[in-house]
Amino acid sequence: MFHVTDQRGDKLTDESLILYIQQVLCVSRRGRNGIAKEVKASLGRERPGQTDTALEMTGTDRPGLLSEICAVLVELRCNITAIVAWTHNTRAACIVYVEDGLEGGPIMDPIRLGHVQEQLENVLEAHHGKEEKRSVKLTAPAVGRTHTERRLHQLMYSDGDYERCRGCDGGGGGGGGAAHKKGCDGTHVMIESCEERGYSVVNVRSRDRPKLLFDTVCALTDLQYVVFHAAVASRGKLANQEYFIRHKDGCTLDTENERHKLSLCLIAAIERRISHGVRLDLHSKNRIGLVSDITRVFRENGLSISRIEVATQGDKAYGSFYVTDASGLNASPTTVELVTREIGESIIAVHKSPSRVPHDHGSSSRTAPKTNSARVQQQQQQQREEDRPRFSIGSLLWSQLGRFSSNFGPVRS
C-alpha cells in the first residue's frame, strides 16, 4: 500500500494522472490498445526515445565535456530532443536522444551513424588515460526501451563508479557496519541474515529526496535480487528503507564480499542523483543547437555541469542544469548572474543548492583546494540552516506496514 501526494505534497487532484497511474500498474484497467492516447496527451510529456536515436556514453568526468559533446552533435546536424547526464566519483554517464537536424525523425543511415559514433569517441578519448574506461553506444528507436534513468544507473554501474564509494562510517557498509552517527545524513547500509525466514535483510538510512525508492530498487533489481517484503518511511530529512531479499536463484547473501558489493552499489545508486551546485531551470522555445549554446556559455564562464536533464515537447524545451565552479563548489552569484544574462530570459537560477556540499568521495571529479576551506565551511553552515528537502519520499511513498508477518505475499521487483 502506498500513500502518495503530488510533488508539492498536496492531494492528487489531476484525474488524468490518477488514471495513468492506475493503467500503468493494473493491466485490467487498460484498453485493448494499451494506455489511452488521450491520457498520455493530457499529461503533456511523452517518454523520450520512442522515435529517436539514442547515444549512450560513459567516460571520465571533466569540465567542458558535455559542451564538447553537444557541439559535435550540432556540427553533425543532429538535433538533441532530450539529454540526461549524471556525474559521480570522477565518472560521467550521458544519454542523448537525437533526430535528423534537417529532415527530422530518426537517423537511419548506418554510415552517418558510424561517423557520429566515431566523432563522439574522439571527444571522450581526448582526455583519457591509457587504462581509463570509456564507451559510446548507439541504439535505434524502440518502444520497449529501458527507462532513461534506470539505464543511467546501469551505465554507471558497468563503468565501476561504485568502487570508490564509502558509507557514512567511512567504510563500505555491509554486514553489521557501524551505527548511524547522530545527526549524520550520509548513506548508511546494513545487511543482516534472517535465517528463520531465509532472507537477507537490507537496511538503508540516508538523506530523503525525490526518487530515492526508485534508485534503490533499480540497484537491487539490476543486481538480480528479488524483493519479497519492503517498508519505506521518513521523518524529517532522513529516510529509512528495509528490504527482505533473496538472489534470483533463491540464495541469500552468504559471503562478506557479496554484502560488501551490494552495500557499495546501493550507496552509489543513492548518491548519483545527489546534485551539487546551483540549479538553473530552463523553459524556452526549442531550436536546433539550444543545449549546445547553453553548455558553451557555461564552459566559457568556468562552470562545470554536475547534472543535466533537458527534454523537448513540440516547440518547447524545458529542464534543469546543475553547475559548480571548477573546484566543485557552488558557483558565485556574480558568475551565475552573468551566465543567465548571456543566455537570456529563458533560464532562471535557483541559487540554493539542493544537496550537501560535495565530500572528497562525492559526485564531483574536482576537489576543492585548501584555500577554499573557509568557503566550504560557509556553504556547509548555510546548508545546515536551509537543509530541508523540497519533496519527501515519506510524503510521496509512505508505508504504514511496520514490521512484517508471514501473511505477506512476495512483491517481485
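User: Which element gives the largest share of the lining of the largest cavity?

Analyst: Helix 3 does, with four residues. Helices (H or I, at least four residues) and strands (E, at least two) are DSSP runs, numbered from the N terminus. The model is predicted: local features need pLDDT of at least 70, side-chain atom pairs count only at pLDDT 80 or more, and totals for chains, interfaces and linings use all residues. Residues are numbered from 1 along each chain as its sequence is written, and side-chain values use heavy atoms, leaving out hydrogens and water.

User: What is a cavity, and how many of 30 Å³ or more does the search find?

Analyst: On a 1 Å grid over the protein atoms alone, a cavity is a set of points where a 1.4 Å probe fits but cannot get out; lining residues have an atom within 4 Å of a point. A volume is the space filled by probe spheres set on the points, which are joined across faces, edges and corners. Searching the whole structure gives five cavities of 30 Å³ or more. The largest cavity holds about 180 Å³ of space. Its lining has 25 residues, and those closest to the centre are Asp 61, Arg 62, Leu 65, Leu 66 and Ile 305. Two or more lining residues come from each of strand 1 (53-60), helix 3 (65-75), strand 2 (78-88), strand 3 (91-100), helix 8 (290-300) and strand 11 (304-313).

User: How do the residues of that lining divide by class?

Analyst: Ala, Val, Leu, Ile, Met, Phe, Trp, Tyr, Cys and Pro count as nonpolar, Asp, Glu, Lys and Arg as charged, and the others, Gly among them, as polar. The lining of the largest cavity has 14 nonpolar, seven polar and four charged residues.

User: What about the second largest cavity?

Analyst: About 80 Å³ of space lies there. Of its 16 lining residues, Asn 79, Ile 80, Arg 287, Leu 290 and Val 291 are the closest to the centre. Strand 2, helix 8 and strand 11 each give two or more residues to this lining. Strand 2 gives the most, with five residues. The classes are nine nonpolar, six polar and one charged.

User: At what angle do helix 3 and helix 4 cross?

Analyst: Axes are lines fitted to C-alpha atoms over the stretch in contact, and angles run from 0 to 180 degrees between N-to-C directions. The axes of helix 3 and helix 4 (residues 110-125) cross at roughly 155° and come within 10 Å. Angles under 35 degrees count as roughly parallel, over 145 as roughly antiparallel, 65 to 115 as roughly perpendicular and the rest as oblique. Helix 3 and helix 4 are therefore roughly antiparallel.

User: Which residues of helix 3 and helix 4 meet?

Analyst: Contact means heavy atoms within 4.5 Å. Helix 3 brings Leu 65, Glu 68, Ile 69, Val 72 and Leu 73; helix 4 brings Val 116, Gln 119, Leu 120, Val 123 and Leu 124. By class, this contact has eight nonpolar residues, one polar and one charged.

User: How do helix 6 and helix 7 cross?

Analyst: Helix 6 (residues 212-222) and helix 7 (residues 256-271) have axes that come within 9 Å and cross at roughly 145°. Leu 212, Asp 215, Thr 216, Ala 219 and Leu 220 of helix 6 touch Leu 262, Cys 265, Leu 266, Ala 269 and Ile 270 of helix 7. Eight of these residues are nonpolar, one is polar and one is charged.

User: At what angle do helix 5 and helix 6 pack?

Analyst: Helix 5 (residues 148-158) packs on helix 6 at about 55°, with the axes 10 Å apart. That makes helix 5 oblique to helix 6. From helix 5, Glu 149, Arg 150, His 153 and Gln 154 make the contact, with Phe 214, Asp 215, Cys 218, Thr 221 and Asp 222 from helix 6. This contact divides into two nonpolar, three polar and four charged residues.

Definitions and conventions
On a 1 Å grid over the protein atoms alone, a cavity is a set of points where a 1.4 Å probe fits but cannot get out, and a pocket is an open set with protein on both sides within 12 Å along at least five of seven lines; lining residues have an atom within 4 Å of a point.
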